[in-house]
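Let's take a friendly tour of this protein model. Have the structure open as you read, and look for each residue as it comes up.

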Amino acid sequence: MHNTYRIITYGCQMNVHESEKIAGMLEEQGYCLAAETETPDVVVLNTCCVRESAETRVLGNLGILKKAKEQHPAMKIVVCGCMTQADGAAQRLQARCPFLHAVLGTHNIYRLPEVLVRPAGKTYIEIGGDTAIREDMPIARTSGINAWVNIMYGCNNFCTYCIVPYVRGRERSRERKHILNDIRRLVQDGYKQITLLGQNVNSYGTDLTEKHSFASLLQEISAIDGKFRVKFMTSHPKDILPETIDAIAQSDKMSHFIHMPAQSGSDRILQSMHRHYTASEYLRKIDMIRNKIPDAGLSGDMMVGFPTETEADFADTMQLTERVRYNNLYTFIYSKRSGTPAAVMDGQVPIAEKKQRIRRLIDLQFTIGNALAAESVGKTYTVLCTEYKNGKCIGETNCGKAVVFAGEQNLVGQFFSVKITQNKNSKLYGERL
């Protein structure tokens, strides 16, 4: 009998990929994934603290796991990820949940195998310390034909609402040779969609002794043999450069889907957020992308209710959203995060106003999404089939549009020409040519 594990993941794609590394370490130690109906020997909660709701879910799950551990005393529960790295969080978790086996910070996940063999009966806390990039961590990939590849860690931007630089540390780029070797292996292993990960991929390489740019990295990736598609996230608008867009436009590997989080359309709010660009500068970047890549698909993040936001500020956000016409827009109500400058700012917006504004923003984006979908009908796209579900194939165009079409399970991982025949509530349906 093998020991079993279960990983509960919260938050972003970075955490999803880190959970694959956690799974890789556990499987290397002889653990296997627990069935849904069995109680695992090890449970790892890979946490997020970007929003309060994520922390609330973690604490709720810990309450459930406490009861499970009472019935299975040998079970070891480990909490890791961003939530643990916040100032004093590990000690608060230890006091609130004395049944935890370990609490590991964002730089300490590689210590998991060592910590698990320590005697039970106390909570081991491993926070901070060496921030060197570990290139030898095993990975048990779980995302089908999709693969995640870190190109950098941490963030230097310190937006006033964001906790990430405090829990992830400063920017640290991986050496280019390691990234390229990872991608070559993934292509050889049959992965068809590779997503480059970083808090701000556009600043890749600026911290390396031998300076490299994100644009030059994309060019080298594009030179790798094989039929595959490359995406990346996240881009900070202040750092995206013309040469990066040129590298995308000139490549047959790079996706034409670009994530450009604006956060607000108000110059005053953007300055208070510490975003380092104005709305007009952001729009010039959007125009540059569309001039160089006419079929580019754009997504963004937009926050409402940031401290002191007025109705006029929100009107600027609505105007920018209408001007850009995002394919996808991820909308958020501002949530206080302890330890960030925005949490103690005067002028906190009442929750009723936040809810009313985000409803209007969602309605606007719904209208835009429907219009863009209607414009796609009759066009033909190259589509990568990423999933087979409920008797249908689900694919993604090179510009990030999701398309449903008839097909079989064996089509997953293949590229097809698909003509869009209809749209329903911004969803696209097509036929394979």
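## Salt bridges

In this predicted model, a search of the whole structure finds 23 salt bridges. Side chains of opposite charge can pair when their charged atoms come close.

## Glutamate 126 and its partners

Start with glutamate 126, which forms a salt bridge with arginine 111; their closest N and O atoms are 3.4 Å apart. This pair links distant parts of the chain, 15 residues apart: arginine 111 lies in the loop between strand 5 and helix 5, and glutamate 126 lies in strand 6.

Arginine 118 also forms a salt bridge with glutamate 126, with 3.1 Å between the closest N and O atoms. Are these residues buried or exposed? Arginine 111 and glutamate 126 are both buried. Arginine 118 counts as buried because its relative accessibility is 19%, under the 20% cut-off.

Next, find glutamate 311 in helix 12 and arginine 357 in helix 13, 46 residues apart. They form a salt bridge, with the closest N and O atoms 3.6 Å apart. Glutamate 311 is partly exposed, at 37% relative accessible area, whereas arginine 357 is buried, at 3%. Both belong to a network of salt bridges that also includes Glu309, Glu353 and Arg360.

Five strands form a closed barrel in the order 15-16-17-19-18, with mixed pairing. Neighbouring strands are turned by 50° against each other on average, direction ignored. Helix 13 packs on this sheet and touches strands 15, 18 and 19.

Strands 15 and 16 pair in the antiparallel sense over 6 bridges. Tyrosine 388 has cysteine 393, in strand 16, as its bridge partner.

Notes
Residues numbered from 1 in each chain as written. Predicted model: local features only at pLDDT ≥ 70, side-chain atom pairs only at ≥ 80, totals over all residues. Heavy atoms only, no water. Pairing = 2+ DSSP bridges. Helix = DSSP H or I, 4+ residues; strand = E, 2+ residues; numbered from the N terminus. Axes fitted to C-alpha atoms, helices over the stretch in contact; angles between N-to-C directions. Contact = heavy atoms within 4.5 Å. Salt bridge = Lys/Arg side-chain N within 4 Å of Asp/Glu carboxyl O. Buried < 20%, exposed > 50% of the residue type's maximum accessible area, 1.4 Å probe, protein only.
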